[in-house]
Amino acid sequence: MSLKVELKPGERLIIGQCIITNSDQRTRLFIDGKAPILREKDILTITTADTPAKRIYLAVQLMYLEDDTARLRDEYFRLVNEIIQAAPSMITLINGINNEILTGALYKALKAARKLIQYEQDLLANVPSGSAGIPTGSPQNGSPA
(Lines give C-alpha, C1' and ligand atoms only; values in the text may rest on other atoms or scores of the structure.)
Protein backbone atom coordinates (compact mmCIF):
# COMPACT_ATOMS: atom_id res chain seq x y z
CA MET A 1 0.00 0.00 0.00
CA SER A 2 1.31 3.43 -0.93
CA LEU A 3 1.98 6.19 1.55
CA LYS A 4 -0.07 9.24 0.61
CA VAL A 5 1.53 12.59 1.44
CA GLU A 6 -0.05 15.96 0.75
CA LEU A 7 2.29 18.91 0.61
CA LYS A 8 1.33 22.53 1.05
CA PRO A 9 2.81 25.12 -1.31
CA GLY A 10 6.52 25.45 -0.59
CA GLU A 11 6.53 22.59 1.94
CA ARG A 12 9.55 20.29 2.01
CA LEU A 13 9.85 16.55 2.44
CA ILE A 14 12.86 14.31 2.93
CA ILE A 15 12.81 10.95 1.18
CA GLY A 16 15.99 9.01 1.80
CA GLN A 17 18.87 11.41 1.21
CA CYS A 18 16.80 13.74 -1.02
CA ILE A 19 14.97 16.94 -0.10
CA ILE A 20 11.86 17.53 -2.15
CA THR A 21 10.40 21.04 -2.19
CA ASN A 22 6.85 21.54 -3.39
CA SER A 23 6.04 24.25 -5.92
CA ASP A 24 3.41 26.92 -5.39
CA GLN A 25 0.45 24.50 -5.47
CA ARG A 26 -0.86 21.86 -3.11
CA THR A 27 0.49 18.47 -4.21
CA ARG A 28 -0.43 14.89 -3.43
CA LEU A 29 2.27 12.21 -3.67
CA PHE A 30 1.89 8.44 -3.46
CA ILE A 31 5.13 6.82 -2.33
CA ASP A 32 5.92 3.12 -2.68
CA GLY A 33 9.06 1.45 -1.42
CA LYS A 34 11.21 1.47 1.65
CA ALA A 35 13.00 4.74 2.37
CA PRO A 36 13.01 7.05 5.37
CA ILE A 37 10.45 9.83 4.91
CA LEU A 38 10.08 12.98 7.02
CA ARG A 39 7.82 15.96 6.53
CA GLU A 40 9.25 19.42 7.11
CA LYS A 41 7.29 19.87 10.36
CA ASP A 42 9.01 16.77 11.79
CA ILE A 43 12.56 17.79 10.84
CA LEU A 44 14.92 19.30 13.39
CA THR A 45 18.25 20.89 12.54
CA ILE A 46 21.28 21.57 14.69
CA THR A 47 19.98 25.13 15.07
CA THR A 48 16.44 24.15 16.08
CA ALA A 49 17.57 21.36 18.42
CA ASP A 50 17.95 23.86 21.26
CA THR A 51 16.92 21.75 24.26
CA PRO A 52 18.17 18.41 25.62
CA ALA A 53 15.05 16.53 24.44
CA LYS A 54 15.29 18.08 20.98
CA ARG A 55 18.95 17.03 20.75
CA ILE A 56 17.90 13.46 21.54
CA TYR A 57 15.22 13.72 18.82
CA LEU A 58 17.86 15.00 16.38
CA ALA A 59 20.13 12.04 17.14
CA VAL A 60 17.24 9.61 16.54
CA GLN A 61 16.28 11.54 13.38
CA LEU A 62 19.80 11.10 12.01
CA MET A 63 19.73 7.39 12.90
CA TYR A 64 16.45 7.09 11.01
CA LEU A 65 17.47 9.06 7.92
CA GLU A 66 20.86 7.38 7.64
CA ASP A 67 19.61 3.95 8.80
CA ASP A 68 22.69 3.81 11.01
CA THR A 69 22.33 3.54 14.77
CA ALA A 70 25.93 2.50 15.36
CA ARG A 71 27.47 5.81 14.26
CA LEU A 72 25.35 7.88 16.68
CA ARG A 73 25.09 5.40 19.56
CA ASP A 74 27.71 7.03 21.82
CA GLU A 75 26.37 10.57 21.31
CA TYR A 76 22.79 9.39 21.82
CA PHE A 77 23.58 7.66 25.12
CA ARG A 78 25.60 10.66 26.34
CA LEU A 79 22.55 12.86 25.72
CA VAL A 80 20.22 10.34 27.34
CA ASN A 81 22.39 10.05 30.46
CA GLU A 82 22.53 13.84 30.82
CA ILE A 83 18.75 14.26 30.55
CA ILE A 84 18.05 11.43 33.00
CA GLN A 85 20.44 12.97 35.55
CA ALA A 86 18.69 16.33 35.19
CA ALA A 87 15.13 14.95 35.11
CA PRO A 88 14.83 11.34 36.34
CA SER A 89 11.08 11.45 35.65
CA MET A 90 11.92 11.12 31.93
CA ILE A 91 13.24 7.56 32.30
CA THR A 92 9.99 5.92 31.16
CA LEU A 93 9.91 7.99 27.97
CA ILE A 94 13.61 7.33 27.35
CA ASN A 95 13.04 3.59 27.81
CA GLY A 96 10.30 3.76 25.18
CA ILE A 97 12.68 5.41 22.71
CA ASN A 98 15.42 2.89 23.52
CA ASN A 99 13.08 -0.07 22.96
CA GLU A 100 12.07 1.22 19.53
CA ILE A 101 15.71 1.76 18.56
CA LEU A 102 16.69 -1.71 19.75
CA THR A 103 13.95 -3.31 17.65
CA GLY A 104 14.93 -1.26 14.60
CA ALA A 105 11.68 0.73 14.58
CA LEU A 106 13.40 4.09 14.12
CA TYR A 107 10.30 5.96 12.90
CA LYS A 108 8.47 4.82 16.05
CA ALA A 109 11.51 5.94 18.06
CA LEU A 110 11.07 9.39 16.50
CA LYS A 111 7.43 9.46 17.55
CA ALA A 112 8.46 8.46 21.08
CA ALA A 113 11.10 11.21 21.07
CA ARG A 114 8.34 13.71 20.15
CA LYS A 115 6.60 12.73 23.40
CA LEU A 116 9.86 13.42 25.24
CA ILE A 117 9.99 16.93 23.73
CA GLN A 118 6.38 17.55 24.78
CA TYR A 119 7.10 16.31 28.32
CA GLU A 120 10.14 18.59 28.53
CA GLN A 121 8.03 21.55 27.40
CA ASP A 122 5.39 20.68 30.01
CA LEU A 123 8.05 20.54 32.73
CA LEU A 124 9.45 23.91 31.72
CA ALA A 125 5.98 25.43 31.56
CA ASN A 126 5.48 24.50 35.22
CA VAL A 127 8.62 26.29 36.40
CA PRO A 128 7.45 29.32 38.36
CA SER A 129 8.45 32.62 36.86
CA GLY A 130 10.09 35.27 38.98
CA SER A 131 13.51 35.89 40.33
CA ALA A 132 15.55 32.76 40.47
CA GLY A 133 18.78 34.70 40.32
CA ILE A 134 21.33 35.69 42.90
CA PRO A 135 19.87 37.74 45.75
CA THR A 136 20.77 41.42 45.61
CA GLY A 137 22.51 41.33 48.97
CA SER A 138 25.02 38.68 47.92
CA PRO A 139 28.77 39.02 48.43
CA GLN A 140 29.30 39.02 44.63
CA ASN A 141 27.98 42.56 44.25
CA GLY A 142 29.88 43.97 47.21
CA SER A 143 26.95 44.08 49.63
CA PRO A 144 27.15 42.35 53.00
CA ALA A 145 25.50 38.93 53.17
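I start with helix α3, residues 91-102: at 1.5 Å a residue its twelve residues should span 16 Å, and its end C-alpha atoms are 16 Å apart, which agrees. The expected span here is 1.5 Å times one less than the number of residues. Helices (DSSP runs of H or I, at least four residues) and strands (runs of E, at least two) are numbered from the N terminus.

Before going on, the basis. This is a predicted model, in which local features need pLDDT of at least 70 and side-chain atom pairs count only at pLDDT 80 or more, while totals for chains, interfaces and linings use all residues. Residues are numbered from 1 along each chain as its sequence is written, and side-chain values use heavy atoms, with hydrogens and water left out.

Back to α3. Which of its residues are buried? They are Ile94, Ile97, Asn98 and Ile101. Buried means under 20% relative accessible area, exposed over 50%, and partly exposed in between, with a 1.4 Å probe and protein chains only. Viewed down the axis of α3, the buried residues lie within an arc of 100°, so they line one face of the helix. That arc is taken from the directions from the helix axis to the C-beta atoms. Just after α3, Gly104 has a positive phi of about 80°.

Ile101 is buried, with a relative accessible area of 15%. Neighbours within four places in sequence aside, Ile101 is in contact (heavy atoms within 4.5 Å) with Val60, Met63, Thr69, Tyr76, Leu106 and Ala109. The C-alpha atoms of Ile101 and Met63 are separated by 8.9 Å, with the two residues 38 residues apart along the chain. Ile97, with neighbours within four places again set aside, is in contact with Ile56, Val60, Tyr76, Ala109, Ala112, Ala113 and Leu116.

Now the cores. A nonpolar core is a set of buried Ala, Val, Leu, Ile, Met, Phe, Trp, Tyr and Cys residues joined through side-chain atoms within 4.5 Å. The largest has 30 residues, of which Ile56, Tyr76, Ile97, Ile101 and Leu116 touch the most other members. Two or more residues each come from α1, α2, α3 and α4, and α1 gives the most, with nine. Apart from this core lies another, of six residues, among them Leu7, Leu13, Ile31 and Ile37.

Next, the sheet. Three strands form an open sheet in the order β3-β2-β5, with antiparallel pairing. Strands β3 and β5 (37-39) stand at the edges with a single partner strand each, so one side of each has no neighbour in the sheet. From one strand to the next the twist averages 20°, on axes fitted to C-alpha atoms, with angles from 0 to 180 degrees between N-to-C directions. Two strands pair if DSSP finds at least two bridges between them. Strands β2 (residues 12-15) and β3 (residues 18-21) have four bridges, with Thr21 as the bridge partner of Arg12. They form a hairpin with two residues between them, and Gly16 in the turn has a positive phi of about 65°. On the other pairing, β2 and β5 have three bridges, and Leu13 stands opposite Arg39.

Finally, the whole chain. The order along the sequence is β-β-β-β-β-α-α-α-α. Of its 145 residues, 32% count as buried.
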